[in-house]
Amino acid sequence: MQMMGTVLDHFRSSAWYYLTAVLAACARIGVFRTYFNQYLRRPLRRLLPFLDPFVTIDIAAKPEDYSFSYQGKVKSSDAYAEVLAYLSAVCSRDARELRAEGAVEGHTFVLSLREGQVVTDDFKGATISWSAVAEEKTTWRASGRCCRLTFHERHRRLVVDEYLPHVRRAGQEVMFGNRPRRLYSNKKELSYHSRRDEVWSYIDFDHPTTFDTLAMDPAKKQMIKDDLDDFTYSRDYYRRIGKAWKRGYLLHGPPGTGKSTMIAAMANYLKYDIYDIELTTLESNSDLRKLFIETTGKSIIVIEDIDCSLDLTGSRATMLPPLPAFDDAAEAGYDKSRGKRHNILTLSGLLNFIDGLWSAHSGERIIVFTTNHLDKLDPALIRRGRMDMHIEMSYCGFEAFKTLANNYLEVEAHPLFGAVEELLGDVKMTPADVAECLMPSKRSARDADACLTRLIDQLKERKAAEEDKESKTAEEDDVKDTAKEEDKWETEKVPSKSKSKKEKSEACQVVTNGAHSGASGVSVSASTDHYLS
Ligand SMILES: Nc1ncnc2c1ncn2[C@@H]1O[C@H](COP(=O)(O)OP(=O)(O)OP(=O)(O)O)[C@@H](O)[C@H]1O
Ligand SMILES: [Mg+2]
């Protein structure tokens, strides 16, 4: 028992000893920390770049910050996905241990680094290392993956000002290129708070037309391609001259000359999405603005048949009719129950959409209008600067025909081409009609002779019809000319100066009276004769 007491005493005293020692050490650490923070931290920080000159930036998978989109809805940052897309090419080239994930959209894989792997990227003489790291867990966020870039302190400005924006832009392009193109059309019901997917619906755009299959004069086609190329590579130029990065094309020409086909060729050439706006479904200028805000960069915004969409021919001031009287309200499109007027989309609203302040929103855009009747449009709508390029889609010429023959019959030359060339010089036929003739009736019978003969027959028929029409018109003109000549001759015989007004009116009276007395046409001329005699 005494022994037991001695052991306990010993234990107590040593516990006390150790506790005192730990407390003393903690106190020393606390004192050290205080001294370190007060006197050493700053000088050491200044010394750090000499010891470790590398800077690191983490781009996390889970965005820490959220930005607010136009309608005040939270929109997450895409930076991590963009970096992964950018690095995918570098990784597939250099890394040995990779991970592959399906791209958010489309059918491709995005390759990224496995944890601990490093790849390097060169940019304007700077070497930047990328590594995949597990992000540290914090009190408010679970751990996630992040991409860490490391670079020398002396490249700090280059990386922050140029490299990172370059990574984002290139990443966006990779992401955009990985998915199929889209054809968007506007929904009918738009509310003020509609989100992007509530104002636009889309389908994958898989139109096979390219500039190679588009039938038109080769020089004109090349000019359009060059213009599109210039536009896409001119981001800095547009910025420098202070112009929104957009270009307007007006396609005009008779039905079936390939205006819609041209839009498809443009979209495939540039790899842009198409936003097809049906103006007649919109109620007001703000609807148009809402649609426009929800479009993305790298897109073609199309308004087809602009002359038919709305009455856009009036002056800007008179486009908006005054509010109708109450009884006429329904007829004039005034919805009494909702207290608002329909179809008050105005020309000035449309002009604003094309080149107002909103037009500069997010990236490059092409705006295309099509019309069958150029003369019906307000000059303000189609002036240069708004519609930068006016492209006339015209009837099929021989060069355009050769493209169609190559498309449909896979022939580049044929003995019947000579006859077609001659006839196309005389007859106006749209590419759509030519294409129809070249389309074999049976898929198995892709017989160039038969198709070309059918085309020649059609052209001959049209030529005969046109000649017939022309000769009829000429005959009618002759009759009209003769009638005019006779009238003129009759009028010249009237001694107009010899009679005073009063006499003339009396004469008219006579004529009128005379006319009353008999059959009108004959009587008039008879009366005139009477008057003349
Ligand atoms: N220039 C062309 N090149 C190739 N195919 C063409 C061309 N023009 C017309 N076609 C053919 O004719 C069809 C109709 O052409 P498209 O719809 O492009 O004409 P459009 O000018 O838009 O007519 P509309 O004024 O009636 O809208 C197309 O599907 C295409 O097959
Ligand atoms: Mg069309």
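A residue is taken to be near a molecule or strand if one of its heavy atoms lies within 4 Å of it. The views below show a predicted model, in which local features need pLDDT of at least 70 and side-chain atom pairs count only at pLDDT 80 or more, while totals for chains, interfaces and linings use all residues. Residues are numbered from 1 along each chain as its sequence is written, chains are lettered from A and ligands numbered from 1 in the order in which they are written, and side-chain values use heavy atoms, with hydrogens and water left out.

**View 1. The residues around ligand 1.** Around ligand 1 there are 15 residues, of which A215, G256, K259, S260 and T261 come nearest. The shell divides into seven nonpolar, seven polar and one charged residue (Ala, Val, Leu, Ile, Met, Phe, Trp, Tyr, Cys and Pro count as nonpolar, Asp, Glu, Lys and Arg as charged, and the others, Gly among them, as polar). At least two shell residues each come from α7 (259-270), α12 (398-409) and α14 (431-438), and α7 gives the most, with three residues. Helices (H or I, at least four residues) and strands (E, at least two) are DSSP runs, numbered from the N terminus.

View 2. A backbone N or O atom of G258 lies 3.0 Å from an oxygen atom of ligand 1, and for a backbone N or O atom of T257 the distance to an oxygen atom of the ligand is 3.3 Å. From the side chain of S260, an N or O atom is 2.9 Å from an oxygen atom of ligand 1. Of the 630 Å² of accessible area that ligand 1 has on its own, the protein covers 72% (Shrake-Rupley method with a 1.4 Å probe; for residues, only the protein chains shown count as cover).

View 3. Seven strands form an open sheet of mixed pairing in the order β10-β9-β12-β13-β16-β11-β17, where two strands pair if DSSP finds at least two bridges between them. Because β10 (200-204) and β17 (389-392) stand at the edges with a single partner strand each, one side of each is left without a neighbour in the sheet. Neighbouring strands are turned by 20° against each other on average, direction ignored (axes are lines fitted to C-alpha atoms, for helices over the stretch in contact, and angles run from 0 to 180 degrees between N-to-C directions). Strand β11 (residues 246-252) pairs with β17 in the parallel sense over four bridges, and Y249 stands opposite M389 in β17. Helix α7 lies across β11, β12 (273-276), β13 (299-303), β16 (365-371) and β17, running at about 170° to β16, where contact means heavy atoms within 4.5 Å.

View 4. Strands β7 (residues 126-134) and β8 (residues 145-152) pair in the antiparallel sense over six bridges, and S131 stands opposite R148 in β8.

Conventions:
A polar contact is a pair of N or O atoms within 3.5 Å; within protein, one must be able to donate a hydrogen and the other to accept it, and residues adjacent in sequence count only if both atoms are side-chain atoms.
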